[in-house]
Amino acid sequence: MVLSISACRPGGTDLKAIMNDPASGLHQEKRIGNTVVTFNYLPECWERVNGGKGKEGSPEMCFKINVFSPGNEAGMRKKEAPGASYGLDSVFQLVLNHDTLAPLQAQRIANGNMKGIEYLVIFERRPLSSVQAAAFIYKDWLFTSTRLVFPLQKNYLQKSDSISCRL
């Protein structure tokens, strides 16, 4: 799944380009066997893109994780037991320098997708000015038995936030 952001103003194309730039790390995909895990950063004012009330100065950083296993829909549904929806705050972390943050909220998105599972993960927004290293960690013990690390780059996080708030 690819995060697609579009808008009527010229800034929308800039945001789309940054989000889809492989060097930015704002959209990453990892394959473990037959399972594909897709990671997306949702910029600060991402709700504006869809006509929502996203506002600058938001106290939260939002991420979306999608776990998809083509050809294994039945296996995905079996694992949808409580493990896919409860206790999620213990499987996601945001690392900024040497600080490891637990999510404020981690929830499964009920989007009707029978072929995969999608999560919205929200962390407290911290100032990025002093951040040298950042990473999103997903300890996927349910589907791939793997600890997945998605490295983040501060300059692309800040740039996408800035552009999204100008839309």
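**Getting oriented**

Colleague: Which residue's side chain is joined to that of His 27 by a polar contact of 2.6 Å?

Modeller: Keep in mind that this is a predicted model, where local features need pLDDT of at least 70, side-chain atom pairs count only at pLDDT 80 or more, and totals for chains, interfaces and linings use all residues. Residues are numbered from 1 along each chain as its sequence is written, and side-chain values use heavy atoms, with hydrogens and water left out. A polar contact is a pair of N or O atoms within 3.5 Å; within protein, one must be able to donate a hydrogen and the other to accept it, and residues adjacent in sequence count only if both atoms are side-chain atoms. At 2.6 Å, the partner of His 27 is Asn 40.

Colleague: Is His 27 buried or exposed?

Modeller: His 27 sits in strand 1, residues 27–32. Buried means under 20% relative accessible area, exposed over 50% and partly exposed in between (1.4 Å probe, protein chains only). His 27 has 19% relative accessibility, so it counts as buried.

Colleague: How many helices and strands are there in the protein chain?

Modeller: Both are DSSP runs numbered from the N terminus: helices are H or I with at least four residues, strands are E with at least two. Along the sequence, the pattern goes α-β-β-α-β-α-β-β-β-β-β-β-α. The total is four helices and nine strands.

Colleague: Which strands stand at the edges of the open sheet of five strands?

Modeller: Two strands pair if DSSP finds at least two bridges between them. The sheet has the order 1-2-3-7-6, with antiparallel pairing. Each edge strand has a single partner, so one side of it is left without a neighbour in the sheet; these are strand 1 and strand 6 (105–108).

Colleague: How many bridges join strand 1 to strand 2?

Modeller: Strand 2 covers residues 35–42 and runs antiparallel to strand 1. Across from Glu 29 you'll find Thr 38 in strand 2. The number of bridges joining the two strands is six.

**Rings and the last helix**

Colleague: Why is the pair of Phe 39 and Phe 150 called stacked?

Modeller: Rings of Phe, Tyr and Trp (its six-membered ring) pair if their centres lie within 6.5 Å; planes under 30 degrees apart count as stacked, over 60 as edge-to-face and the rest as tilted. That rule gives twelve aromatic pairs. Here the centres are 4.8 Å apart, and the pair is stacked because the planes are at 10°.

Colleague: How far apart in sequence are the parts that Phe 39 and Phe 150 tie together?

Modeller: Phe 39 is buried at 0% relative accessibility, and Phe 150 is buried at 0% too. Phe 39 lies in strand 2 and Phe 150 in strand 9 (residues 146–152), so the parts tied together are apart in sequence by 111 residues.

Colleague: How many residues does helix 4 have?

Modeller: Helix 4 runs over residues 154–166 and reaches 19 Å from its first C-alpha to its last.

Colleague: What is the C-alpha to C-alpha distance between Tyr 156 and Ala 23?

Modeller: Tyr 156 is found in helix 4 and is buried, with a relative accessible area of 19%. Contact means heavy atoms within 4.5 Å, and Tyr 156 touches Ile 18, Asp 21, Ala 23, Ser 24 and Leu 26, not counting residues up to four places away in sequence. Tyr 156 and Ala 23 are 133 residues apart in sequence, yet in space they are apart by 8.9 Å.

Technical notes. Expected span 1.5 Å × (residues − 1).
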